[in-house]
Amino acid sequence: MTSENNNKVHKKLTYSTTQKINGMVFMLPWIIGFLLFFLIPMINTIIYSFHVVGVKDTGGMEMTWSGIQNYIDLFNTEVSSASQQFARVFADENMNIIVNTPLIVIFSLFSALLINANYKGREVVRVIFFLPIVLGLSLVTTLVTTTGGEVTAITAEVTNESGFLMRMLMSNTFLPRDAITYVVDIVSNISSIISKAGVQTLIYLAGLQSINPSLYEVAKIEGATTYEVFWKITFPMLSNVTIFAFVYSFVDLFLASTISNEIYRFAFTRNNIGVGSALSVVYMVNVLVALVLMLFILTRVVKLDNGSK
């Protein structure tokens with residue numbers, strides 16, 4: 001009787017059901033971690049943001065309901081460590097991320113194309129060009145500092161070169177000052193862009209190597225130029241990879257934002273947990289709204305591009 005029941009159980013567990021069970025078991029550690037280390041702290045942070053949080057005389061946490069006063073104080077009376085209003089801080093951070101995210105993605109695509117190209121000495125170029133990107137310039141900076149190098153001297157040199165570039169462009173071009181300033185800012189921040197493009201370059205490299213080589217062979221037979229091959233084959237085939245690279249770059253820049261340090265300063269240095277929690281909630285909402293808008297725009301662009309092929 002027992003063997004018959006076991007056979008019935010095995011018959012009911014189809015391949016699809018087994019795959020679902022395996023998937024749930026695989027996701028279980030992430031689900032537990034999400035609930036314990038993200039969802040519960042996030043709920044507590046939202047609760048703290050509507051209270052004045054202190055310490056009882058007898059010990060323990062004391063919370064006094066304050067409504068949205070913490071949010072009002074955040075944007076009216078509180079200032080950052082650089083003595084800026086937080087409305088200005090959010091505006092500057094958003095603008096910085098909006099500008100740098102496309103630059104990082106474009107540089108990552110360029111790096112992957114260069115590394116994936118077929119030419120003599122490609123292996124050496126990969127080691128020289130790609131290894132520093134993967135390691136990140138923070139490690140290089142640490143090595144320079146610990147071995148006696150002067151990072152401030154390097155920074156001063158970059159500043160002098162930026163000033164020279166600014167003067168050269170203003171005297172030899174008819175570009176408006178805002179456009180020249182934008183170009184100079186890109187040049188001065190090139191080291192930061194390179195240091196944050198490692199993972200995206202790996203993603204693009206994997207995407208390039210997954211494209212069927214027969215597509216390029218057919219395009220070559222048809223007489224397509226390199227420019228046409230890129231825009232008609234390579235770029236459309238990397239559309240989904242591009243979306244992922246944008247999302248990764250976007251979130252990575254937000255995680256490295258100075259606002260994270262301001263949250264820590266309010267909560268643990270100034271012991272103002274209520275305002276720090278309010279700042280954390282506003283920051284989280286800002287990230288989610290910006291991410292949704294970016295995904296909406298990108299998916300529309302990819303859809304239009306796919307529909308035109």
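pLDDT is the predictor's confidence in each residue, on a scale from 0 to 100. This is a predicted model, so to speak of local features we ask for pLDDT of at least 70, and side-chain atom pairs count only at pLDDT 80 or more, while totals for chains, interfaces and linings use all residues. Residues are numbered from 1 along each chain as its sequence is written, and side-chain values use heavy atoms, with hydrogens and water left out.

**View 1. The whole chain and its confidence.** The protein chain has 15 helices and two strands, where helices (H or I, at least four residues) and strands (E, at least two) are DSSP runs numbered from the N terminus. Its average pLDDT is 78, and 73% of the residues score at least 70. Of the 309 residues in the chain, 28% are buried (under 20% relative accessible area; exposed is over 50%, partly exposed in between, with a 1.4 Å probe and protein chains only). Take the contacts between residues at least 6 apart in sequence: 62% of them join residues at least 24 apart.

**View 2. The largest nonpolar core.** Here are 41 residues, and those with the most contacts inside the core are F86, F90, Y204, L238, I259, L279 and Y283. A nonpolar core is a set of buried Ala, Val, Leu, Ile, Met, Phe, Trp, Tyr and Cys residues joined through side-chain atoms within 4.5 Å. Elements giving two or more residues include α4 (86-116), α10 (198-209) and α15 (273-307). The largest share, eleven residues, comes from α4. Zoom in on Y283: leaving aside neighbours within four places in sequence, Y283 is in contact with F90, F254, L255, S257, I259, S260 and I263.

**View 3. Where α4 meets α14.** The two helices pack at an angle of about 150°, with their axes 10 Å apart. Axes are lines fitted to C-alpha atoms, for helices over the stretch in contact, and angles run from 0 to 180 degrees between N-to-C directions. α4 and α14 are therefore roughly antiparallel to each other (over 145 degrees; under 35 is roughly parallel, 65 to 115 roughly perpendicular and the rest oblique). On the α4 side sit F86, V89, F90 and E93, facing T258, I259, E262 and F266 of α14. These contact residues divide into five nonpolar, one polar and two charged.

**View 4. F50 and its neighbours.** F50 is found in the loop between α2 (15-48) and β1 (51-55). It is partly exposed, at a relative accessible area of 23%. Not counting residues up to four places away in sequence, F50 touches T64, W65, S66, G67, I68, N70 and Y71. F50 and S66 are 16 residues apart in sequence and 5.6 Å apart in space, C-alpha to C-alpha.

**View 5. Two loop residues with positive phi.** Most residues other than glycine have a negative phi. S83, in the loop between α3 and α4, has phi near 60° and is exposed, with a relative accessible area of 61%. N271 lies in the loop between α14 and α15; its phi is about 55°, and N271 is exposed as well, with a relative accessible area of 53%.

Conventions
Contact = heavy atoms within 4.5 Å. Nonpolar A, V, L, I, M, F, W, Y, C, P; charged D, E, K, R; others polar.
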